[in-house]
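The entries follow in the order in which I went through them.

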Amino acid sequence: MPKPPANPYDLSRLDLDDILGTINEEVRARFGEGEVADYIPALADVPKDRFGMALVLLDGTVHEVGDSRERFSIQSVSKVHTLTMALEAVGDELWKRVDREPSGDPFNSLIQLELEHGIPRNPFMNAGALVCTDVILSHYDDAEASLLEFMRARAGDPDIAMDPELAGSERESGHRNVAMANFLRSFDNLNNDVDEVLDLYFLQCSLGMHCVDLARSVQYLADDGRCGPSGERVTSAENATRINAMMMTAGTYDAAGDFAFYVGLPAKSGVSGGIVAVVPNVMGLCVWYPGLDEKGNSKLGKYALHRFSRMTDLAVF
Ligand code: DON
């Protein structure tokens, strides 16, 4: 009788620290690749000699390598968390205001919004994220404090903070986002004052977190909506499944197909070079390298996730 194939979810077959060490060496040999997101003043001078990677298993065990405790502004990675908060607030009503299809267009595109009458394609494009932020403003008493509290609780890190200076500088140069918010308002798809929505949106992008924080902060998506060892319910198992599906199809902008091809895990990226990923039922992950590829995803972060998924055989496909 041929031996049955090894269970890919049995982690005892893997030396995770050794795998992270190998990836770290490979990435460091390629430092300098990619371009930083210079349309955000605070990101323009970030050096491309930082790489961190962390993974958090469902029992809370952490494996990490490199600059995994250096904080960076999480930018669009925050869209995963604000989507979760918006779903908790209004449930499926959200889908009347935001669609859940991949876009094939850049994250800050305005074209689709006009053609599709103010309904953003998905919650991970900037327009969809602005709607989620609007929902949070409408449904949480102190929206800014609630968002901060949500992130600190998910990451188990009371030191997480927003950076008003960074948010302010992006606000001054964020003309596309300003246009987008006004455009959404013209379709009656923002209920709050446009400036208030933008202020909170830029603040959520400015949240300073590191790889271990971020890996832990998506652990609930690996654990059917429960927050790791404490078992606290963050969202329903159904919502966790759906958020993972949207991360797979739209979490890495118009490169989601390429991510499925090379990585095969639900993932969400941000223009500061962070990418969170989820291995359902196994772990939350985060990689960080500031140099981006032409689609705005961390170039070596994507490479690191590719290597990880192949070395561990943990891609969902
Ligand atoms: O709004 C922006 O352009 C940035 N604060 C965040 C963009 C980002 O990370 C990618 N977006 N999906």
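This is a predicted model: local features need pLDDT of at least 70, side-chain atom pairs count only at pLDDT 80 or more; totals for chains, interfaces and linings use all residues.

I began with T22, which is partly exposed at a relative accessible area of 27%, where buried means under 20%, exposed over 50% and partly exposed in between, with a 1.4 Å probe and protein chains only. T22 is part of helix α1; helices (H or I, at least four residues) and strands (E, at least two) are DSSP runs, numbered from the N terminus.

Residues are numbered from 1 along each chain as its sequence is written, and side-chain values use heavy atoms, with hydrogens and water left out.

**Ligand**

I then turned to the ligand and found 15 residues surrounding it, the closest being Y39, Q75, S76, E170 and Y201; a residue is taken as near when one of its heavy atoms lies within 4 Å. I sorted this shell into eight nonpolar, five polar and two charged residues, where Ala, Val, Leu, Ile, Met, Phe, Trp, Tyr, Cys and Pro count as nonpolar, Asp, Glu, Lys and Arg as charged, and the others, Gly among them, as polar.

For atom-level distances I noted that a polar side-chain atom of Y39 lies 2.5 Å from a ligand oxygen. In the side chain of Q75, an N or O atom is 2.6 Å from a nitrogen atom of the ligand, and in that of Y201 an N or O atom is 2.6 Å from an oxygen atom of the ligand. On its own the ligand has 340 Å² of accessible area, of which the protein covers 99%; the areas come from the Shrake-Rupley method with a 1.4 Å probe, and for residues only the protein chains shown count as cover.

Where does Y201 lie? I found Y201 in helix α8, residues 194–205, and at 2% relative accessibility Y201 counts as buried. Leaving out residues up to four places away in sequence, Y201 touches K79, N126, A129, L130, T133 and N177, contact meaning heavy atoms within 4.5 Å. The C-alpha atoms of Y201 and V212 are separated by 23 Å, although these residues are 11 apart along the chain.

S73 sits in strand β3, residues 72–73, and is buried with a relative accessible area of 8%. The side chain of S73 makes a polar contact of 3.0 Å with the side chain of Q75; a polar contact is a pair of N or O atoms within 3.5 Å, and within protein one must be able to donate a hydrogen and the other to accept it, with residues adjacent in sequence counting only if both atoms are side-chain atoms. Beyond neighbours within four places in sequence, the contacts of S73 are L43, L166, C205, S206, L207 and S272.

S146, in helix α5, counts as buried at 18% relative accessibility, and I found it touching M85 and Y140 once residues up to four places away in sequence are set aside.

**Salt bridges**

Side chains of opposite charge can pair when their charged atoms come close. I took a salt bridge as a side-chain nitrogen of Lys or Arg within 4 Å of a carboxyl oxygen of Asp or Glu, and by this rule the count is 19.

One of them joins E26 to R307 at 2.7 Å, N to O, linking helix α1 (residues 16–28) to helix α13 (residues 299–312) across 281 residues. E26 is partly exposed at 22%, and R307 is partly exposed at 23%.

I also noted E33 with K299 at 3.5 Å, N to O, a pair that connects the loop between α1 and β1 (52–57) with helix α13, 266 residues apart.

Lastly, R154 forms a salt bridge with E232, with the closest N and O atoms 3.5 Å apart. R154 lies in helix α5 (residues 143–155) and E232 in strand β6 (residues 232–233), so the pair ties together parts that are 78 residues apart in sequence. R154 is buried at 5%, whereas E232 is partly exposed at 42%.
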